[in-house]
Structures are given as structure tokens and as C-alpha cells.
Amino acid sequence: MSDPNENEELLHRLADGELEQGVSAPELDEVSQAELRSIEALSSMLKAELPKKVEPQYPDFFNSQIIRRIERDEARELHEASPASSGSAAEGSGSTAPAAAGPGGFFRWFPWAAAATACAVAAFLALQGGGSAAHSGGAVIASAYAPASTVQVKTWYSEEAEATVIDLVGLEAFPADREISGQTLASYPVEGLRGSRIAHQLSGPDGEILMTLVAAPGEAPDFFGALVN
Amino acid sequence: MLRSSMLRLGALALALAAVCVSSAALAQESSAAGTNKESEGRIYGALVLSKPGEASNTSDDSEPVNPGTDATTFEKMVPRLGKAFPAFQKFELLGEHRQSLFKQYETWVVPSRDLFLKIDSKGPAEGGGMKLHLQVWRDDEVILKTDPVLMPGRPLFIGGPNWRDGKLVIVVALEGATK
């Protein structure tokens, strides 16, 4: 009895009509005939559903890439054979970029140019002392942000005033009938029985001390009641 | 081919190293001098009412308080305020507050309960400056968040809301460093 695998292969070859010339179809038993009919039915269904031939997209692209690779290999062989020869070695040297990239030399010098640029930037930043000083000698504003969307923040350094200016444009004005009161405070750390504290000294217009409030570090002076949480 | 590939890899590695160095330079912060000290300096904050008109060093309505050092500080600020805000030439001191700047705690500078400052020290900066996180509060809300680096002798002027016929301006400076 024949090997089951050989029998299956024979059936497939029969179904596909791939028997060698001169070889007659063997006699098949009922099981094999049933299997052959099943294989033929499946084959017919697949042939009906699938196209006979599928062309790759952009076939010319693949062809051109193959030709480029062949030319590059040939050029490399020529270059290796005669290293003293002059002329463009750029053609076909190293680049696998698409056709639109142009001569392969671009990809030879680009990494070096990127490295040199990065080194220059690093040296510049290192000389700057690690900070993006927006103004020489003046206060530096790393960021300024107004939570209200209607408020615009403008920052600049005034050379004449020798000061950094932040102007909040669009803030709602204080009502005219509101009394904006100021105070004169001087705060300094003190050591108390419960450790470090901050003494806030409120002075009057004549300089006299009106009130001294001692609070923990980080607490807002609360001369006028609760200010913020 | 191998040589050219190695050369390109080396160039790219060099570029990457340079980027790392620049990142380290940007992220580098000088260590705080005297880390054992709680106070890192003193901040001067003032609330000033700026009005248009003829230039004057003192207000019409109030005399500078503590005529010793406070008046000197404010009077020295006035010409600079005039240059920073050319539209205003009269400046009236409403209130001022001197406050030690703490490394570990937030600092409240309250020249007025209407407009005041919350300051967090982020350590010293080069040139004797101070890196801060500063918030301006109006009543019970924040109207500005900023991260300035205050330099000695270089105050920060913050233009605030209008009030009556003028504009409220907050002055922030390192204490004892005004010109």
C-alpha cells in the first residue's frame, strides 16, 4: 500500500492536472475518488474567488530598486578594484533611499553635519550657563501664566528701567469705591518655644509698630482675617 | 560598506552624545549655598498706585512710611517705574512688606490684602540671583503665576488691574540690592 502522504500528493496533482506526461492516472478506490472530488471542488471554488494573477503595486518601483541595487553593487566592486580611481563614487554607495533622495552623497555627509550642529548647540548652551537667560543682567522670566483666559500676559525687559516688567492686560479693574489699603510689614524669623516662627510686624505711617503677629513658616500673615487657605 | 556604516553610526552617536550634554546643561542647577540655612534671602514687595501726570517722587496722599530705609527703597524705584511704564509718572506707595525668603516654606509678601504675593524659593541662581515661583493673588484667586529669576538690583514690576484713575503695580526686589 502506498504511503498516505504520497497518496494525498497524487490526488492533489490529479486535481491540478499536474501529472507528468506519459503517466497514466492510477486507479483509485472509492475513498480516494471521494477525496479527489472534494479537492477538485475546493480548487474550483478557490479559483472562482481569487484572481488568477495579482500584479504588485508599483511594479516599476520594485524593478527600479532592483536595478539600482545591481548598479550599486557593480560600482562598489569597481571602486574596490581600483581605489585610486577618481570620479563619482556616490552613485550606488550606501544609500537605500527612494529614488527621490538624489545622489547617495547626501546621506554620507548629513550625519556629520547633524553631529557638528548638535555639538555647536551643546557648546552654546553650556556657555550660557545652563539657563535660558532672556535678558542679560535682568530678571529672567522662565514662564508667566494667567489662569484667566481673558488676561494677556506681556513680559519684557526694560533697559532704561533696568527691570523686568510683566503687564497683565485685560484684568478686571477694582471698583472705584473700593478702598485699596496697604500696610507696612516687616517679617523676620524668630526662635520660640515651639521652634522657628515668623514674626510679622505691622507698622503705622509714622513708623510706629502697631501689631506683631507670630506665625509658623509658610502661614500667610493674618492681620485682616483669613486671607487664603 | 562596513566602514561607511560604522562611520555613520559614529557620527550619529556623537550627535546623540551632544544632545545629552546639552540636556544636562539645561537641567543643571547650582546647589544652594548654605543648605543648612532656612532663610535664603529677603524679598521686598510693594504695592504702588501709578497715575498719569507730572513726575513726582512722593505721593500726594501719603508720605512714605518708615522714612529711613523704606522711603529710600521706594524713592529709588520711582524713576525706574516711570521708565517701565511711560504712561504713568506719579507713583503712590500703598504698602510694602519685607520678608525673609525661605527655602522650605512658601513666603507670603503682603503689602496689601487686596493684592499680594506668594513666593516659593527654588534656590539661588548664578550671579547672586534667586530663582522663584511667584504667584500674584487678588483677593482669593491667583491672577498670575510666573517663574522669575530675580537678580540683584534688577527688580520685577508687575502691572496689575486699574483702580480709580491709575494702575496698580507690584514691585518685587531682592532686599538690599536696589540701586
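What share of the 229 residues of chain A counts as buried? The figure is 12%. Buried means 20 or more other C-beta atoms within 10 Å of the residue's own, exposed means 12 or fewer, and partly exposed lies in between, with C-beta atoms placed from the backbone.

This is a predicted model: local features need pLDDT of at least 70, side-chain atom pairs count only at pLDDT 80 or more, and totals for chains, interfaces and linings use all residues. Residues are numbered from 1 along each chain as its sequence is written, while chains are lettered from A and ligands numbered from 1 in the order in which they are written.

**Chain A**

Chain A holds 4 helices and 6 strands. Helices (H or I, at least four residues) and strands (E, at least two) are DSSP runs, numbered from the N terminus. Along the sequence the pattern reads α-α-α-α-β-β-β-β-β-β. Of the contacts in chain A with a separation of 6 or more, 15% join residues 24 or more positions apart. A contact here means two C-beta atoms, placed from the backbone, within 7 Å.

Confidence is given as pLDDT, the predictor's score for each residue from 0 to 100. Chain A averages 73, and 68% of its residues score at least 70. Where pLDDT is low, the predicted coordinates should not be read in detail.

Helix H2 (residues 30-49) of chain A has 20 residues and should span 28 Å at 1.5 Å a residue. The expected span is 1.5 Å times one less than the number of residues. The end C-alpha atoms of H2(A) are 29 Å apart, which agrees. The number of buried residues in H2(A) is 0, so the helix lies largely in the open.

Glu162(A) sits in the loop between S2 (152-158) and S3 of chain A. Its phi is positive, near 50°, in a residue other than glycine. Glu162(A) is partly exposed, with 19 other C-beta atoms within 10 Å.

**Hairpins of chain B**

Strands pair if DSSP finds at least two bridges between them.

| Strands | Bridges | One bridge pair |
|---|---|---|
| S5(B) (residues 130-138) and S6(B) (residues 141-150) | 7 bridges | Met130(B) and Leu150(B) |
| S7(B) (residues 156-163) and S8(B) (residues 166-174) | 6 bridges | Leu156(B) and Val172(B) |

The hairpin of S5(B) and S6(B) has 2 residues between its strands, and Asp139(B) in the turn has a positive phi of about 60°. Asp139(B) is exposed, with 12 other C-beta atoms within 10 Å. The hairpin of S7(B) and S8(B) also has 2 residues between its strands, with Arg164(B) at a positive phi near 55°. Of the 9 residues of S8(B), 8 are buried, so the strand is largely enclosed by the rest of the structure.

**Cores**

A nonpolar core is a set of buried Ala, Val, Leu, Ile, Met, Phe, Trp, Tyr and Cys residues joined through C-beta atoms within 7 Å. The largest has 59 residues; those with the most contacts inside it include Val48(B), Leu81(B) and Phe157(B). S8(B) gives the largest share, 7 residues. Domain 2 (140-172) and domain 3 (183-229) of chain A each supply at least three residues; these bounds come from an automatic or database domain assignment. Leu81(B) touches Val48(B), Ser50(B), Phe91(B), Phe157(B) and Val169(B), leaving aside residues up to four places away in sequence. Another core, of 5 residues, lies apart and includes Ala118(A), Ala122(A), Ala11(B) and Ala15(B).
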